[in-house]
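Hello,

Here is the structure I promised to pass on. Please open it first, then read the notes below.

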Amino acid sequence: MQEKIQIFDTTLRDGEQVPGCQLCTSEKIEIALSLEEMGVDVIESGFPISSPGDFKSVQEIAKTLQRATICALSRAKKEDIDCAAEALKPAKNKRIHLGIGASDVHIAKKFFSTREKVLEQAVWAVEYGKTLVEDIEFYAEDAGRADKQFLATMVEAVIKAGATVVNIPDTTGYCLPGGYGDIIKYLYENVKGIDKVTIAVHCHNDLGMATANTLAGIMNGARQVEVTMNGIGERAGNTSLEEIAMILKVHKDLHMDSGLDTTKIFPLSQRIAQLMNMPVQANKAIVGSNAFAHSSGIHQDGFLKHPENYEIINPLDVGIPVSSILLTARSGRAALRHRIENLGFSFDKNQMDGIYDRFLCLADQKRMVEDEDLLELISNR
Ligand code: KIV
Ligand code: ZN
């Protein structure tokens, strides 16, 4: 049996915080609708108190979406919680995501407070939020660097106060997979009532560990992943939705299911990159332009004999129509023949040898040999 992993997308909140990525309300609605269509369970649509524009976006998304839970971010403050509840009013399914720092560094150097006072504030915020919206997710900010015992005390207290989901963020991207997995395991072993709530993992990519840490979290019992499209987010970004979705699809041995229609991933990734003016790096897993492109002779030959030799994902599964065979100076005869045949030509071995020699000279001068170059090579034979 496959266990369902809740997909919480925060492209419109953690992702949109990135400088230059700001979106207008209609663009946010478009993305929210696409995420809902893809099957995302929870859409964090903004931080209503942060600006009137963000308030409006959350409100409009709340009016528009029918199935997904609409979530709004809040600090553990009355004015934030009131504002989030107000923006969420029209939503069919709504959640407030509120929280406070859990690490000693945040407690002392951000809140200038004490563990006791922060704990009190956390419990108060959950109880107050609960009077306005039933579904309250609590985030223990910087949980990745928090003292485990204190974190467990905080998690237990907010569960008792009525939180439905408890998020254990690695806010600074500090953790390594083993350590982050151990935090989740420790909580499951030491927090009373933890089986009544969903534990969420929210990881940042400062050390390139976001996806690995998220995976470690769910392998140790967490059942909600907080992700963004293309991995955008504060600083080095968040765990990317497409990586987690495809890990769960490829590794059936994990017995976990995202429930997403993964064929919608690539078109949405492209649209978000365009709207946010944030290009996807070419070698980005799953959605980069090179993710399904083969360029060295050995790989091209193996791929053309059977795609599974060099591809673990069928590109159609992420909405990419075909893999590409790129022609560079590292390409072999099999790739060149394949591209020439795709153009509708066929040559015997001797003819191909001649074309291949001329192709290599051209490829040494030009980084990439395109179809027009091939047509010229063929016609000048
Ligand atoms: O990284 C973080 O801790 C956050 C919280 C607001 C959940 O984004
Ligand atoms: Zn975050």
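A residue counts as buried when its relative accessible area is under 20%, and as partly exposed when the value falls between that and 50%. Keep in mind that this is a predicted model.

Cysteines first. A disulfide is a covalent bond between the sulfur atoms of two cysteines. The cut-off used here is a pair of sulfur atoms within 2.5 Å. By that rule, the count is 0 disulfides. Take Cys203: the nearest cysteine sulfur belongs to Cys175 and is 7.4 Å away, so Cys203 is in no disulfide. Cys203 is also buried, because its relative accessibility is 0%. Cys24 has its closest cysteine sulfur in Cys21, at 14 Å, which is too far for a bond. With a relative accessible area of 37%, Cys24 is partly exposed.

Now the ligand. Helix 1 (11–15), strand 6 (136–141) and strand 7 (165–170) each give two or more residues to the shell around it. The residues around ligand 1 include Leu73, His97, Tyr139, Glu141, Asn167, Pro169, Thr171 and His204.

Which side chains have an N or O atom at a listed distance from an oxygen of ligand 1? These are among them:

- Arg13, with an N or O side-chain atom 2.9 Å from a ligand 1 oxygen
- Asp14, with an N or O side-chain atom 3.1 Å from a ligand 1 oxygen
- His202, with a polar side-chain atom 3.1 Å from a ligand 1 oxygen

Taken alone, ligand 1 exposes 260 Å², and the protein buries 92% of that.

Best wishes

Note on methods. Residues are numbered from 1 along each chain as its sequence is written. Chains are lettered from A and ligands numbered from 1 in the order in which they are written. This is a predicted model: local features need pLDDT of at least 70, side-chain atom pairs count only at pLDDT 80 or more; totals for chains, interfaces and linings use all residues. Side-chain values use heavy atoms; hydrogens and water are left out. Buried means under 20% relative accessible area, exposed over 50%, partly exposed in between (1.4 Å probe, protein chains only). A residue is near a molecule or strand if one of its heavy atoms lies within 4 Å of it. A polar contact is a pair of N or O atoms within 3.5 Å; within protein, one must be able to donate a hydrogen and the other to accept it, and residues adjacent in sequence count only if both atoms are side-chain atoms. Accessible areas come from the Shrake-Rupley method with a 1.4 Å probe; for residues, only the protein chains shown count as cover. Helices (H or I, at least four residues) and strands (E, at least two) are DSSP runs, numbered from the N terminus.
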